[in-house]
Amino acid sequence: MKQFLKYFVSFMAMAALVFAEVVSGTFSSGITVVSTTGVSINNIQLTDTSGAANTVVVYDNDSASSTNRVFAAYTGAVQYTTNVVMSFTNFTGVAQSYTNTVLKVDNITVAGATNQARRVFTFRLPANGTVTFTPTYPAGTTFGLQLSATGAGGYNIDRQPLP
């Protein structure tokens, strides 16, 4: 059984490596969409080509025009305690009442919101310099992978698409 487990884990690790890919490209001042689906980032290398210091923010977003994420309105639930008075007439004709504290659940509508997308990383690139970063644990995105830069440059991202 130990041998089977060892081989199974080794197989799964090798299978995960098969789906990893390195994407390369360039970015300019503004927004660049690298992926429109969720990914796991294993390594990221950014190079500045603008000749000036550059700030690059990596967002969990799939929009090509904004670093904002729009969340639609949804129905939620709120719980609270309240008192319920129970009144009745018993079998001898005497009116009785009891006060009980109960847990009540009501539906509420949570308004839609537009918020800035989640920042995954922020990098400060020196003029004509390169920054390479490998997170201790792969950083995941849910919606996509977007770069927002103040200057021009290039990227190499070792990523793994999420199912």
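Modeller: The chain exposes about 10,500 Å², and carbon and sulfur atoms supply 58% of that area. Accessible areas come from the Shrake-Rupley method with a 1.4 Å probe, and for residues only the protein chains shown count as cover. This is a predicted model, in which local features need pLDDT of at least 70 and side-chain atom pairs count only at pLDDT 80 or more, while totals for chains, interfaces and linings use all residues. Residues are numbered from 1 along each chain as its sequence is written, and side-chain values use heavy atoms, with hydrogens and water left out.

Biologist: What makes up the chain in terms of helices and strands?

Modeller: There are one helix and 13 strands. Both are DSSP runs numbered from the N terminus: helices are H or I with at least four residues, and strands are E with at least two. Along the sequence the pattern is α-β-β-β-β-β-β-β-β-β-β-β-β-β.

Biologist: Why is the contact between Glu21 and Arg159 called a salt bridge?

Modeller: A salt bridge requires a side-chain nitrogen of Lys or Arg within 4 Å of a carboxyl oxygen of Asp or Glu. For Glu21 and Arg159 the N to O distance is 2.7 Å, so the pair meets the limit. Glu21 lies in strand S1 (residues 21-27) and Arg159 in strand S13 (residues 153-161), so the pair ties together parts that are 138 residues apart in sequence.

Biologist: How do you know whether Arg159 is buried or exposed?

Modeller: Buried means under 20% relative accessible area, exposed means over 50%, and partly exposed is in between (1.4 Å probe, protein chains only). Arg159 has 11%, so it is buried. Over the chain, buried residues make up 28% of the 163 residues.

Biologist: How many salt bridges does a search of the whole structure find?

Modeller: The search finds four. Among them is the pair Arg69 and Asp62, at 2.8 Å from N to O. Arg69 is buried at 16%, whereas Asp62 is partly exposed at 30%. Another is Lys104 with Asp106, at 3.2 Å. Lys104, at 36%, is partly exposed, and Asp106, at 26%, is partly exposed too.

Biologist: What makes strands S6 and S7 a pair?

Modeller: Two strands pair if DSSP finds at least two bridges between them. S6 (residues 74-89) and S7 (residues 95-110) have 16 bridges, in the antiparallel sense, so they count as paired. Tyr80 stands opposite Lys104 in S7. The two strands form a hairpin with five residues between them, and Gly93 in the turn has a positive phi of about 95°.

Biologist: Which residue other than a glycine has a positive phi?

Modeller: Asn128 does, at about 55°. Most residues other than glycine have a negative phi. Asn128 is in the loop between S9 and strand S10 (130-133). At 54% relative accessibility, Asn128 is exposed.

Biologist: Why are Val78, Tyr80 and Ile108 called a patch?

Modeller: Patches are made of residues with over 30% relative accessible area and no salt bridge; like charges are joined within 9 Å, and nonpolar side chains (Val, Leu, Ile, Met, Phe, Trp, Tyr) within 5 Å. Val78, Tyr80 and Ile108 form a nonpolar patch with about 220 Å² of accessible area together. Val78, in strand S6, has a relative accessible area of 32%, so it passes the 30% limit.

Biologist: What makes a group of residues a nonpolar core?

Modeller: A nonpolar core is a set of buried Ala, Val, Leu, Ile, Met, Phe, Trp, Tyr and Cys residues joined through side-chain atoms within 4.5 Å. The largest one here has 19 residues, and those with the most contacts inside it are Phe27, Ile41, Leu46, Val58, Tyr155 and Ile157. Two or more residues each come from S1, strand S3 (39-48), strand S4 (54-60), strand S9 (118-125), strand S12 (145-149) and S13.

Biologist: Which residues does Leu46 touch?

Modeller: A contact means heavy atoms within 4.5 Å. Not counting residues up to four places away in sequence, Leu46 touches residues including Phe27, Val56, Phe123 and Tyr155.
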